[in-house]
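Dear colleague,

I am passing on to you the structure that follows, and I would be glad if you read it alongside the notes below.

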Amino acid sequence: MIAPTLRRSSLRYLARHPWLLGLSLLGIALGVAVVVAVDLASESARRAFRLSAETLTGSATHRVVAGPQGVSETLYAELRLAGFRPSAPLLDGYLRLPGRTLQLIGVDPLAEAPFRRPAALPAGGEALQRLLTRPGSVLLAAGTAAELGLAPGAGFRAEIGGRPRELVLAGVLDPADSAQARVLEGLAVADLATAQELLGRHGRLSRIELIAPQQGGEAWLARLRAQLPPGVSLEAVGGEVAFMAEVTRAFSVNLTALSLLALLVGGFLVYNTMSFAVVQRLPLLGILRGLGASRGELFWLVLLEALLLGVAGTLLGLLLGVALGGGLVKLVTRTVDELYFTLTVGGLFLAPLSLAKGIVLGLVATCLAALQPAWMAMRAAPGQLLHRSWIESRARRAARLAAVAGLLLCLLAGLLLAASGGLLAGFAALF
């Protein structure tokens, strides 16, 4: 149990040194914020990739594809007449609005029902009528339309293929849940004929998607392959998703390494800040020992202070991390857009594991940082704590041990690099 006198002494010391208190909280908060922000950005980018890969998949099991020129729309008609159903054509491209780029997909609304894509296509009404009959009509997410100040039937300008186009908002895509809302924010849906005209790809399709039957599927696929002309192939939907995952694997590894590096830097910031705050108070702790405070009371006083500072700094760090992560995820998704493919999801995803990692770091690192000075204050004689020379002599001995440990770690890093030139060995050597 800590005596009330010791608690009041602690509070008065912190009140008389507001800069020390503020810097301690800021150091803990920055350490937590760095870890949370980078981890949230990394997790949000991975989630955006996964949702983007699933956006146009729906229930499709296979797709008919060709080269960069795509597939002829006459092949789609031939396959439908030959009984290969459910099947649906799809044409994709990009549409640029002020400050954002949307993925434009052209579909046949009458053939989309079995695929259950997350596009929330209207089943009827004026929206579907405008989509099928008015030139330049597209469907946008409800949130996107609201940001642009558009109501159904209103016209707006966009850039497609480097050329300005006059478009009409046929209606809005209403999401079923929050995950689908994020997907729809990056989409613009048009009728197939409209998309062909806007993209300048008359008579062409990006692919034909199909759902293979569960019974007799192999025979159905063999018969389908026999119907395909030269230069056109049939592939499983999972194959493209796997290819996209392989393309971005290195990017994901870099995000993971960045997250671990942020964890290391954040831990250092918290540890260094808290160690300084406690060592700064060692002379006061020596005076308290001389006035009759027990070893255990000093030990638990220091740890309790560290815990309270850790809680306050961690909460502040979580808020800073979420705010910083919102900006980082935009930079990350922009990098993916420019190097790989356009992501239809670019928002921040508050992953519970990332927040928990920041909480654990803030509390555990703060208490660990205070543990060694608290132990030193408990074990040392009161007179020793009052003399800087004693503290400095201990620091010199610790510096020699740290120097030896540092040299050994450098040698170990060199051996890792010499033994293996792989990516993981490089990250381990850097650590």
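Which residue takes a positive phi in the hairpin of β3 and β4? It is glycine 99, with a phi near 85°, in a hairpin that has two residues between the strands.

Please keep in mind that this is a predicted model, in which local features need pLDDT of at least 70 and side-chain atom pairs count only at pLDDT 80 or more, while totals for chains, interfaces and linings use all residues. Residues are numbered from 1 along each chain as its sequence is written, and side-chain values use heavy atoms, with hydrogens and water left out.

To begin with the strands (DSSP runs of E, at least two residues, numbered from the N terminus), strand β3, residues 87-97, pairs with β4 in the antiparallel sense over eight bridges, where pairing requires that DSSP finds at least two bridges between two strands. β4 also pairs with strand β8, residues 187-191, in this case in the parallel sense and over five bridges. Valine 107 of β4 stands opposite leucine 90, and in β8 its bridge partner is aspartate 191. Six of the eight residues of β4, which spans residues 100-107, are buried, so the strand is largely enclosed by the rest of the structure; here buried means under 20% relative accessible area, exposed over 50%, and partly exposed in between, with a 1.4 Å probe and protein chains only.

Five salt bridges were found in a search of the whole structure, each being a side-chain nitrogen of Lys or Arg within 4 Å of a carboxyl oxygen of Asp or Glu. One of them joins arginine 63 and glutamate 209 at 2.7 Å, N to O, and this pair links distant parts of the chain, since strand β1 (residues 62-65) holds the arginine and strand β10 (residues 207-210) the glutamate, 146 residues apart. Both arginine 63 and glutamate 209 are buried. In another, arginine 207 and aspartate 92 have their closest N and O atoms 3.4 Å apart; arginine 207 counts as buried because its relative accessibility is 8%, whereas aspartate 92, at 22%, counts as partly exposed. Arg63, Asp92, Arg207 and Glu209 are linked in a network of salt bridges.

With best regards

Terms used:
Helix = DSSP H or I, 4+ residues; strand = E, 2+ residues; numbered from the N terminus.
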